[in-house]
Amino acid sequence: MALQFSMKPTGWFHIAWSGEIAAGQAVPLKYFGKDLVAFRSEGGELAVLDAHCHHLGAHLGHGGKVHGDAVACPYHGWRWNTQGQNTLIPYQDNVIRKPLRKWNIVERWGMVFLWHDPAGGPPREGWELPDIFTGIPELPAAEAADFYPCWPDAVVNKPGEPLHPQMVQENVCDSTHFRHTHGAPLDPELLWFRVDGTRFRAAMGFKSPKTREIALRTYALNPSVGLSFFVFDGRFPYRLVLSATPVD
């Protein structure tokens, strides 16, 4: 019998690349079965709101225009600021008090992460996103400037992939798939696996086919379901972000 995993998990999820949303631009998004609008104010502040204007339901991400710190509905010009508040109805003096839902986001390393809780709660204590450059205890701190940015040249994207985000969690200690899936000459050795509070952590050793000694170590840090930071400690010190975000 197939396992019935919920597609409404709790945690931080990657939803966009910072470079996709310029100052003064609004873009449509859809995740967790919800229509969203992401827009960046003219001053550079990024916000993600529920997409549909409270007036007649027009989608703010399709044709919405940014004015200062607010996005204007493409239908009748109602404006909604980065806090989700209605700030202008062009043909009357008063505004409405009911805000659009403002989603909690974190913008880091050129990526945008959104907090999702099916119960609607705020980000939980202890679930903060670690720093991929300084948050690996076994490795010295690195500088982001020493690495190529992910977007737009290093992005591998598979839209619509039928993958549950829990698979990203299980991958953190799956040492036996590297030979069959990625073409590794030998199965790497799972050196250790730990659960630190809300985080899964693991280290693997990849052996040289010639010496049978460990020639490369990798460290995985999973801060949330569907999100993994993967670091290569070897000749080429890659740092990867692996993510799976439910669309619907």
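Visitor: Why is phenylalanine 13 called buried in this predicted model?

Guide: The relative accessible area of phenylalanine 13 is 0%. The term buried applies under 20%, so phenylalanine 13 counts as buried.

Visitor: What makes phenylalanine 13 and phenylalanine 32 an edge-to-face pair?

Guide: The ring centres of phenylalanine 13 and phenylalanine 32 are 5.1 Å apart, with the planes at 75°. Centres within 6.5 Å make a pair, and planes over 60 degrees apart make it edge-to-face; therefore the pair of phenylalanine 13 and phenylalanine 32 is edge-to-face.

Visitor: Why is this pair said to tie together separate parts of the sequence?

Guide: Phenylalanine 13 belongs to strand E1 (residues 11-17), whereas phenylalanine 32 lies in the loop between strand E2 (26-31) and strand E3 (34-40). The parts so joined are 19 residues apart in sequence.

Visitor: Is phenylalanine 32 buried or exposed?

Guide: Phenylalanine 32 has a relative accessible area of 6%, and because the limit for buried is under 20%, phenylalanine 32 is buried.

Visitor: Why is the pair of tryptophan 192 and tyrosine 219 called tilted?

Guide: The planes of tryptophan 192 and tyrosine 219 stand at 50°, and the ring centres are 6.4 Å apart.

Visitor: What makes tyrosine 219 count as buried?

Guide: Tyrosine 219 has 10% relative accessibility; the threshold is under 20%, so tyrosine 219 counts as buried.

Visitor: How do you know that cysteine 53 is in no disulfide?

Guide: The structure holds zero disulfides. For cysteine 53, the nearest cysteine sulfur is that of cysteine 73, 4.1 Å away. A disulfide requires sulfur atoms within 2.5 Å, so cysteine 53 is in no disulfide.

Visitor: Why is cysteine 53 called buried, and why is cysteine 173 called partly exposed?

Guide: Cysteine 53 has 3% relative accessibility and counts as buried, because buried means under 20%. Cysteine 173 has a relative accessible area of 29%. That value lies between the 20% and 50% limits, so cysteine 173 is partly exposed.

Visitor: What makes the charged end of arginine 101 sit over a ring?

Guide: The ring is that of tryptophan 103, and the charged end of arginine 101 sits over it, 3.6 Å from its centre. The distance limit is within 6 Å, and the charged end of arginine 124, 5.6 Å from the ring centre of tryptophan 127, likewise sits over that ring.

Note on methods: Residues are numbered from 1 along each chain as its sequence is written. This is a predicted model: local features need pLDDT of at least 70, side-chain atom pairs count only at pLDDT 80 or more; totals for chains, interfaces and linings use all residues. Side-chain values use heavy atoms; hydrogens and water are left out. Buried means under 20% relative accessible area, exposed over 50%, partly exposed in between (1.4 Å probe, protein chains only). Rings of Phe, Tyr and Trp (its six-membered ring) pair if their centres lie within 6.5 Å; planes under 30 degrees apart count as stacked, over 60 as edge-to-face and the rest as tilted. Helices (H or I, at least four residues) and strands (E, at least two) are DSSP runs, numbered from the N terminus. A charge sits over a ring if NZ of Lys or CZ of Arg is within 6 Å of the ring centre and within 35 degrees of the ring normal.
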